[in-house]
Structure formats: C-alpha cells, structure tokens
2 protein chains.
Amino acid sequence: LTITIALDAMGGDFGPSVVVPASAAALEQERDLSLILVGDPALVEAAMSECRLPRPGGRWVVRPASQQVEMDELPSAALRSKKDSSMRVAIDLVKVGTADACVSAGNTGALMAMARFVLKTLPGIDRPAIVSALPASGGHTHMLDLGANVGAGAEQLCQFAVMGSVLAQCVDGIASPSVGLLNIGAEEIKGNEQIKASHRLLTESDLNYAGFIEGDAIFRGQIDVVVCDGFVGNVALKTGEGIAKMFGERIREEFERTSFTRLAGAFAMPVLRRVRARMDPRAYNGATLIGLRGVVLKSHGGADRVAFAHAIRRAASEVREGIPDRVREHLETKLAEQEAV
Amino acid sequence: LTITIALDAMGGDFGPSVVVPASAAALEQERDLSLILVGDPALVEAAMSECRLPRPGGRWVVRPASQQVEMDELPSAALRSKKDSSMRVAIDLVKVGTADACVSAGNTGALMAMARFVLKTLPGIDRPAIVSALPASGGHTHMLDLGANVGAGAEQLCQFAVMGSVLAQCVDGIASPSVGLLNIGAEEIKGNEQIKASHRLLTESDLNYAGFIEGDAIFRGQIDVVVCDGFVGNVALKTGEGIAKMFGERIREEFERTSFTRLAGAFAMPVLRRVRARMDPRAYNGATLIGLRGVVLKSHGGADRVAFAHAIRRAASEVREGIPDRVREHLETKLAEQEAV
C-alpha cells in the first residue's frame, strides 16, 4: 500500500517540518505502508536531520519535484503551469498506479483541479466534493462539501447527497443512511432557490432524505449525511473549530483563577483530557475528495504532526476499504436503474 | 420605556408559556419598563394562571390581535394578509410611537418583511440585517447578517459592514472598529464572485477593513465586526450552538463515567458552571434587525424564559442607547461625505 505525500506550501509556517515527522509516525503505525514524499529533496533532508530521523530507504522514498503550488495561486494557473509541482507529481503517481493514494495539505482549489483533471470523476459526478466525518452524539456525521466548490447548483447538491450516502453505506455499514440538506430553517419556505430546487430533487430521489436541517443538527447524531455547498460547509467547519477552541480556553482560564479552582482542576484534568481527546479535531483530520477515480485526501493546512499522520492513516484505510470503487459501483447501479426507468 | 412583545407562533412547542413568565422577569429586572403583550388574550391569561402570575395592569397590558403568523408562512403572504397579527400590531405600535421597540420570537422572514414595510429602512440601506454580539476571546464580536437575507450582493455586504461598524462604535465606543469579511480562505483568490466584488468595495471604503477572515476567527476577538450573507451567518451561528451543546454533553458524560470522575466532577462543578455561564447562548439571545427606523429584536425561536427575558432587556438597552438614531446619523454623515466627493 503506497501513498504519495505532496510537499507543496501549506497554510502557516509549516511544511516539511510537520510532514516529514508525521510520515515517520504513520510508517510506524501502519506496517504495510510505503510512502513517496514528493518535493524538494533538500528540504526533505533538512527536515529529516532536524527531527533526527533515519535517512529514507525501503518504505520511505523521496521523489523530487521542481515546482510547488503556492497557497494563493489560482487553481487554473497551477493546473496549467505547475506540471512538475509536488501536488501534480503526487497525483500523477496515483494515476499511473505507482501509488494507491495521495495526501496534501496544500492549496485546496489546485489539488481539486489537478485531481479532477488527472484522475477524472466517477460516472454521473460533475465535480468532486470534500467530505469528512465530524464528531456527533453517539458517533459521527459525514458532511459534504467542505470547501471544494464555492457554490453548488441543485443537481450538484444531489450528487453530493448520493456520494455521501454511498460513503456512509461503505464506511459505517448503514443500509439506508439518512441525508439532511443544510438550510437556515426546517420549514419548506426557507432557503435560497438552489436549496429549494435541490430539496425537490432529493424528495423525489430514492435516498433516505430527511429534509432540511439546521446547523445545530450536524452534531446531534440523528442524520448520517449532511449536504451543503462548499462555501457554507467550510465556514461551518471552521466556525465549529473556533468555538471548540474558545471553549477549551475558557475552561483553562476558569480553572486557573484561584487556588481552589486550580485544585479542582487537578482533580478534573484526567476527565477533561478524555473530553479533549474525544473532541480533538486532529483525530478528524484528513478529508476525502470524493467523486474521483482514486483516493485523494486533503489535510488541514494548519495540521500538526499528529493531525497529518492521521490524514495519512485515513488515506490508507480508504485504500483498504476500496472506497472509490465501491462508490463507483453504487453510482453505476444507480445510473443503470435510472436508464431502465 | 415601552416594548411590544409579539405572541405569534415560535419554533418548538413554546409560545405564551415562555413569553409570559419571561416578560414578568424582565419587568422585575428593569424598573422603568412597560410591556404590551400582543396576541390572543385567552392564551395570555391561560399562561398567566399556569405560571401563577398576577393579572396584567399598570406596567403590563395585553393588546388583542386576532391573527398570528405561522412559522412556515411566506413573508410576502404574511405581509399581505396578516394585518391584525401579533407581529404586525406590535410593529405598528412602534411606528405610531406607542411603543419604543418590538421583540418577537416568530417567523424571521415575516418579521423582517413587516418591519421593513412599516418602519422603513435607514438612508442608504436596502435591507435590514440581523446582527448579534457573539462571545469572543476578551469580549465579543458583532456578526451580521445572521439570517435576514438568504443571499446578499456585494453592495449589500458593504452596507452590512457600515452598519456593523457604526454599531460597534455606539455600543463598544471603538473609534474605528475592524471589519472582516467571512470567506473560506484568507487568500485573495478565494470565495465566490460576490465575496470578491465586496472585498474590492470594502478595500476602497474608509472602513477599517481587515480583509477576509475564516470561520475560526469569529471567536478570536481580533475583529470587531464580521460580515457575511444571512445564509452563511445563520448556518455558522447554529453550527456553533450545536458544537457548544455537544461539548457540554461530552463533559457531563465523562464526569459521570466512574465514581472517581463523579468525585472530580463535584470539585469541578462550580468552575464548569462559571464556564457555562460565560458561554451561555441565552445570555446572547436577542438579535437586532439593524438598518430600520426603529428597534426590532428577534429572539431565538427555541428561547426559554431566561433567554427571552434577555432579549427584552437587550431591546430596552438599545432604546436607551438610541441605536437606530445614532446609526442613522452616522449613515447620513457618510452619505453627505460621499456626495461631497
């Protein structure tokens, strides 16, 4: 099982100093895994010696790439002119079968454009979406799109619903996953024209469509798949991160206020650590570009070692589960059924 | 200081049983306050006897209204045919000067349509926006629009920015509040066409424009005003509520797991209660329909007594601060400056 790691620019001041040790950690955790780090060999070696890691070889090789995609680069420009970038080479290696999956923490739009151009989309799918499993009461909720498309028409939202539903079937073994459409109210009159049109299409579909849901229902654990356009999904995701962080800070502040609260904090700490571990966004890092003929994962740009290693392991698990093939099979069955009607 | 309370349908199974005791609480807290409860007198009286409240009189009167606006009613239909609804009568009483402000927990779209039709918007403002102060590190952040407009063009987003900026000046006494435009990335290339066009307009404006911000920055306390369209804002707000609720549940679960954690919980409880009090969404209930020639507040549809009483008190405070007049003065100055150029 081979995964390519694209070493383009990440958000923040990260890059090889995060990705290289994260790769080492993932190799240790997954014994059948091999990694191809795609990027500037000098940078990779510098990061390796900084982290005192053994030199590459065997399950860990460096594949040079002469370019890198910047965070503020237009996807169309990157697609046209960055043919020897880490991202592009990493995806090309998946296309030719040298690798089984690709992980990147770089420019989302460029990753999406290159993956779509090189790997192509599955039958019936116009554009891939970014999907991730978010923590919810009693388990998780698959939410898409989290930022691959800044807008999405009614038809596209339905494609997201189909892909999310198939993913929940594959990953969670749910026979008929419930699908909710994110809106600003549960009443039929709410929402913009796109949302209303998508609502009509989903109501007529053979999906287990549960209707409109509001933002607070994402985490309630009653819906298996939440569908929205990439702008809304991305804002919701990051707002959630921000709230969780503020919550953590306030808890720390209150426990540090007096000597009594510090004592209480000493008692409470092991419990609060468990809460943090269960809510840790790092354990949810690694969002799938679903709808492609291949496994491509997007890591959070601000990922640390733990988070990036998690994204690599998630990619490995999707390869083992054969997610793209299973989604394709479901889509082909659906398309055949539609044609028969 | 007189406030009308519109007793139309609320979200959930609430209504007079929440609003009536909340009104009683607000009257007790604010000694210069008088309330006009607008709705079906039989329902109000039933709620009063259920809560064992004294009969109305003096600072607390009931104004009958023969209709009510339903939650799933189209705003345009409500505007046309519900001229004797609680909401409409409550707003009319503000228009004629009998009352200083109106509070409603009903259909947001209808409230917005009626308020705009009856009270009119301020000079230079096409449509009001819903604004609320959300908790942030070291204080709060004013965010708008939270759901009055399902979409907003570039020009409208700029009007929101102006109104939010003036509000932060009035409420917080900040000379030049910083304004951020909510987007899915901080880079210039990110976002849809509306967002990009709005970014250009804001960059040229005389506002203290801080550029694009992402969802997690709402709570970081570095931006005074966050601007977005109502769809995105509403989803972000409700997603935040959902996350905060899940966080609270997980903390409870973990403290109830074993006898040791229950003991730790007993120590930690006073501290966690303070955290909860600081993060309590009820203490942030009551969002202003800004941009109107009058004070209209929207309470969360699922508000309880504490939350609804808070919305009433917030309306009272906006009347005392003379918010609409101060926003109008700022807007007129701005318009005069623009004309002079």
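**Sheets and interface of chains A and B**

In this predicted model, chain B contains an open sheet of eleven strands with mixed pairing, and the strands follow the order β3-β2-β1-β4-β11-β10-β5-β6-β9-β7-β8. The edges of this sheet are formed by β3 (60-64) and β8 (208-213) of chain B, each of which has a single partner strand, so that one side of each is left without a neighbour in the sheet. From one strand to the next, the twist averages 25°.

Within the sheet of chain B, strand β1 (residues 2-6) and strand β4 (residues 101-104) are paired in the parallel sense over four bridges, and B:I3 is placed opposite B:A101 in β4(B). Helix α1 (residues 16-29) of chain B lies across β1, β2 (34-39) and β3 of that chain and runs at about 170° to β2(B). Helix α5 (residues 108-119) of chain B also packs on the sheet, where it touches β4, β5 (129-136), β10 (287-290) and β11 (295-298), and its direction makes about 175° with that of β11(B).

In chain A, eleven strands likewise form an open sheet of mixed pairing, in the order β3-β2-β1-β4-β11-β10-β5-β6-β9-β7-β8. Here β3 (60-64) and β8 (208-213) of chain A stand at the edges with a single partner strand each, and one side of each therefore lacks a neighbour in the sheet. Strand β4 (residues 101-104) of chain A runs parallel to strand β11 (residues 295-298) of chain A and is joined to it by four bridges, with A:A101 opposite A:V295 in β11(A). Helix α6 (residues 154-172) of chain A lies across β5 (129-136), β6 (139-144), β7 (178-182), β9 (225-227) and β10 (287-290) of chain A, running at about 150° to β6(A).

The contact between the chains takes 59 residues from chain A and 59 residues from chain B. Together the two chains bury about 5,800 Å², of which 72% is on carbon and sulfur atoms. Four salt bridges are found across the interface of chain A and chain B; the side chains of A:R274 and B:E254 meet in a salt bridge with an N to O distance of 2.6 Å. Ten residue pairs are in polar contact between chain A and chain B. On the side of chain A that touches chain B, the elements giving two or more residues are β5, α8 (230-255) and α9 (259-279), and α8(A) gives the most, with 21 residues. The residues of this side of chain A divide into 30 nonpolar, 15 polar and 14 charged.

How values were computed. Residues numbered from 1 in each chain as written. Chains lettered and ligands numbered in written order. Predicted model: local features only at pLDDT ≥ 70, side-chain atom pairs only at ≥ 80, totals over all residues. Heavy atoms only, no water. Pairing = 2+ DSSP bridges. Contact = heavy atoms within 4.5 Å. Axes fitted to C-alpha atoms, helices over the stretch in contact; angles between N-to-C directions. Buried area = accessible area lost by both parts, 1.4 Å probe. Polar contact = N/O pair within 3.5 Å; in protein donor to acceptor, adjacent residues only side chain to side chain. Nonpolar A, V, L, I, M, F, W, Y, C, P; charged D, E, K, R; others polar.
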